[in-house]
Amino acid sequence: FFAERPPPPRACLQVNAVMPCPKLGPAPTKFDEVCSRVAAMEPIMPINPSYTAAANPCVASLIGVQPHCLPLIYVISGWHMFSDESLGWLKTIDGVETRSGPCFDDWPDDSGAARWVRAWEPMPQEGRVILAHCNKLLSWYPAFAGRYTSAWGKSYAPCKERSIAALKPGEDYYRDRMWQVCRPQALAAHDAAMGTGGVGLEATPPFVMRALYGERVRLVAALRSPVDRLETSFWVHAHYPRRYGASAEGLHAYVTEQTAAFSECVGEHGARRCAFLFELLDRRYSDVFFHCDQIIRGLYQPFVEDWHAAFGSKALLVLRVEDLIERPAEARRSLVAFLGGAVSAAAADAAPLPPRSYAALHAESLQAAKAVPMRNDTRRAAEAFYRPFNLALASLLGWPVREAWQHSSAASARV
């Protein structure tokens, strides 16, 4: 499908050699600019290829043997999201072929797109659609940024090497060079490559996928209360109770410290930039324990906003896990309509139902991790932190305000 090195003529991949980046939407120059950034970042990824009329997006190979078919359906949720419990039934549907290939945009170098495409071989049976499930694809904060921080890495690594080689007696790289020289240079390189114009003007993972797929993809995100997700994650990852204390007071200290650090960053850089680049922005944020990673994983809105800008409601569906589990028939009807024939209504109706209620699943996640009940003041503080992001997400997606997780699960709360 690809050569290991960037092939000179992209036209051989059925790409429009004159204008490979399509003009889309009411302001076409925006996508042209972002697509050009993507093309520079991914030198061997085809831009706007001509796909076959098969059920999956299939593109002809360079040697003309058989098309290479990419996944049509992606489940992009997150860790501790109950996406398996709420959407796992899709994998039981006849005609849906679940593959466990690598996550999109997570290859380590400029030639990784070739390996990513080859990972989806062989061809599926005729009429069957490929489904891929990638939790980390929903968001791209630095610890799991994939290619989003590739320009940062290309700048930082050689700068660090040069700086260490040039150290004078008594100097220390981490004290005297990292934040004074190399980190700022790397951030500037990132900004120059990815763009800094905001939604629709930066080469974030959704726009990398858009450059490859166009509209020939269906993205499904299942999200749950960010406060519930945060509570589960604190207890599941043992380093948090070890650091803050395996108690309700320890969880309170964690929530207080982490939300304060992120809010401080927002005051200086804005929520979008802090969500995407938190620990790369300043030494203060790099020093925060685990860089607010679990806090950021519950900030759905900044990331979903980019997915929505790249694909719109035609190719992106965001569902609440609570609805998929508590009102499965209604939620599944929405999903069937969105997938447009890839899954039949009859198959969805016949698929297994969630084995337990949402409250039971959440309680089980805490019991398994030997959690201590969350204090009510901790819950109120976490809800207040996430509320503006939840409301912005509801506004973006057209949800009623009541569905924007105004309150989290109170099953574990105590005074």
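**The disulfides and a helix they reach**

Modeller: Cys69 counts as buried, at 6% relative accessibility; buried means under 20% relative accessible area, exposed over 50% and partly exposed in between, with a 1.4 Å probe and protein chains only. The model is predicted, so local features need pLDDT of at least 70 and side-chain atom pairs count only at pLDDT 80 or more, whereas totals for chains, interfaces and linings use all residues. Residues are numbered from 1 along each chain as its sequence is written, and side-chain values use heavy atoms, with hydrogens and water left out.

Cys69 is joined by a disulfide to Cys58, with 1.9 Å from S to S; a disulfide here is a pair of cysteine sulfur atoms within 2.5 Å. The torsion about this S-S bond is about 105°, so the link is right-handed. Cys58 lies in strand S1 and Cys69 in strand S2, 11 residues apart. Helices (H or I, at least four residues) and strands (E, at least two) are DSSP runs numbered from the N terminus. Cys58 is also buried, at 2% relative accessible area.

The structure holds 4 disulfides. Another of them joins Cys103 to Cys134, and its torsion of about 110° makes it right-handed. Cys103 is in the loop between strand S4 and helix H3, while Cys134 is in the loop between strand S5 and helix H4. Both Cys103 and Cys134 are buried.

A further disulfide joins Cys159 to Cys182, with 2.2 Å from S to S. This link is left-handed, with -85° about the S-S bond. Cys159 lies in helix H4 and Cys182 in helix H6, so the pair ties together parts that are 23 residues apart in sequence. Cys159 has a relative accessible area of 2%, and Cys182 has 0%.

Cys182 leads us to H6, whose buried residues also include Trp179, Arg183 and Leu187. The axes of H6 (residues 178–194) and helix H11 (residues 271–281) come within 11 Å and cross at roughly 155°. These axes are lines fitted to C-alpha atoms over the stretch in contact, and angles run from 0 to 180 degrees between N-to-C directions. The two helices are therefore roughly antiparallel, the word used for angles over 145 degrees. Among the residues making the contact are Trp179 and Arg183 of H6, and Arg273 and Leu277 of H11; contact means heavy atoms within 4.5 Å. After H6 comes Gly195, whose phi is positive, near 95°.

Notes:
Angles under 35 degrees count as roughly parallel, over 145 as roughly antiparallel, 65 to 115 as roughly perpendicular and the rest as oblique.
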